[in-house]
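Subject: Structure for your review

Dear colleague,

Please find the structure below, together with its sequence. The notes that follow it set out what was found.

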Amino acid sequence: MADFQTLDLAIDNGLAVATFNRPDQMNTFNPAMIRDLLALFDLTDADDAVRAVILTGSGRAFCAGADLGSGGDTFDYDKRTGREDVGGPDRDGGGMVTLRIFRSLKPVIAASNGAAVGIGATMQLPMDWRMAAEDSRYGFVFSRRGVTPEACSGWFLPRIVGMAKALDWTFSGRVFGAQEALDAGLIQSLHASDALLDAAKEKALEMTSASAPVSVALARQLMWQGQTMAHPMDMHRVDSRVFASRGRSADVREGIAAFREKREAQYPDTVSTAMPDMGWADEPPFA
């Protein structure tokens, strides 16, 4: 297992629970966290025992935004240290994280236990289900720090909550409560603080425990990648190939047999060996 600096990882019952472990710093985002998150999703994609990933925080925050320890130089890439091996000149590390979550082969659930501000909010956008403690707060506060939305949030946020709400939150930079987040569709459910993680595990198992892992991985990519397509025919070309590939699989024979025999399926295919190569791991170059 990877040696993480900024998060703790526990894998049990098919679920990988990653917890940010900097509560004294409100789990603020730094270069080490970028490296840890990239490594986390490489690890969970490669581990066939993992059906879903849950990301949460410790203490009073999920992630309270960027670590501002460098003061006014925090966002000046020419003056920051420790990021040379993370993304190179002028590349936003938060965007590297959201793009990696976008490519995840396993469902990803945010269990937001407290403040989710700046990158703490934008890193949740490519996650598949976002749930929060009732006292959680969110903020796309970039305009109040003199910067702009990052981490690909200009692509994700309007798709999730609509353009008007995305502009309201990013223009004003205001911090708002979990109920407003729920009403706008940013999150899908609210929970008592002491029940949040259990609820996240229950949801993760509901999503994945009876489903073929390869089919889940492909469905995830079809839905997210579909957001980039210009015409339904683009999806028709892709999902026809994916459906044909699955139709020839051992999983479909087992799934149909289990249905007819009224028993739980035991799917033989694994994500690490049975995913058709659709080119989804490739990204346009950053240039």
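Two strands are taken to pair if DSSP finds at least two bridges between them. Strands (E, at least two residues) and helices (H or I, at least four residues) are DSSP runs, numbered from the N terminus. With these terms, Leu7 stands opposite Phe20 in β2.

The model is a predicted one: local features need pLDDT of at least 70, side-chain atom pairs count only at pLDDT 80 or more, and totals for chains, interfaces and linings use all residues. Residues are numbered from 1 along each chain as its sequence is written, and side-chain values use heavy atoms, with hydrogens and water left out.

Strands of a sheet pair through backbone hydrogen bonds, either parallel or antiparallel. β1 and β2 (residues 15-20) run antiparallel and are joined by 6 bridges. Strand β5 (residues 108-112) runs parallel to β7, with 4 bridges between them, and Ser112 stands opposite Ala132 in β7.

Burial is stated by relative accessible area: buried means under 20%, exposed over 50%, and partly exposed in between (1.4 Å probe, protein chains only). In β7 (residues 129-133), 4 of the 5 residues are buried, so this strand is largely enclosed by the rest of the structure.

Thr56, in strand β3 (residues 52-57), counts as buried because its relative accessibility is 7%. Contact means heavy atoms within 4.5 Å. Leaving out residues up to four places away in sequence, Thr56 touches Ala18, Thr19, Phe20, Phe62, Ala111, Asn113 and Leu197. Its side chain also reaches the backbone oxygen of Ala111 at 2.7 Å. Thr56 and Ala132 are 76 residues apart along the chain, with their C-alpha atoms separated by 9.5 Å.

The four-stranded sheet

A further open sheet, of 4 strands, has the order β4-β6-β8-β9 and mixed pairing. Its edge strands are β4 (61-63) and β9 (175-177), each of which pairs on one side only. Neighbouring strands of this sheet are turned by 20° against each other on average, direction ignored. Strand β6 (residues 115-117) pairs with strand β8 (residues 137-139) in the parallel sense over 3 bridges, and Ala115 stands opposite Arg137 in β8.

Two polar residues

A polar contact is a pair of N or O atoms within 3.5 Å; within protein, one must be able to donate a hydrogen and the other to accept it, and residues adjacent in sequence count only if both atoms are side-chain atoms.

Asn30 is found in the loop between β2 and α1, and its relative accessibility of 15% is why it counts as buried. The side chain of Asn30 reaches the backbone nitrogen of Met33 at 2.9 Å. Neighbours within four places in sequence aside, Asn30 is in contact with Thr6, Arg22 and Asp67.

Asp42 lies in helix α1 (residues 31-46) and, at 46% relative accessibility, counts as partly exposed. A polar contact of 2.9 Å joins the side chains of Asp42 and Arg100.

Cavity and pocket

On a 1 Å grid over the protein atoms alone, a cavity is a set of points where a 1.4 Å probe fits but cannot get out, and a pocket is an open set with protein on both sides within 12 Å along at least five of seven lines; lining residues have an atom within 4 Å of a point. Grid points are joined across faces, edges and corners, and a volume is the space filled by probe spheres set on the points.

The whole structure holds 1 cavity of 30 Å³ or more. The largest cavity has about 50 Å³ of space, and its lining includes Val50, Arg51, Leu105 and Lys106.

The second largest pocket holds about 300 Å³. Of its 15 lining residues, the closest to its centre are Leu99, Phe102, Thr228, Glu283 and Pro284. The elements that give two or more residues to this lining are α2 (93-102) and α4 (153-161).

With kind regards

Key: Axes are lines fitted to C-alpha atoms, for helices over the stretch in contact, and angles run from 0 to 180 degrees between N-to-C directions.
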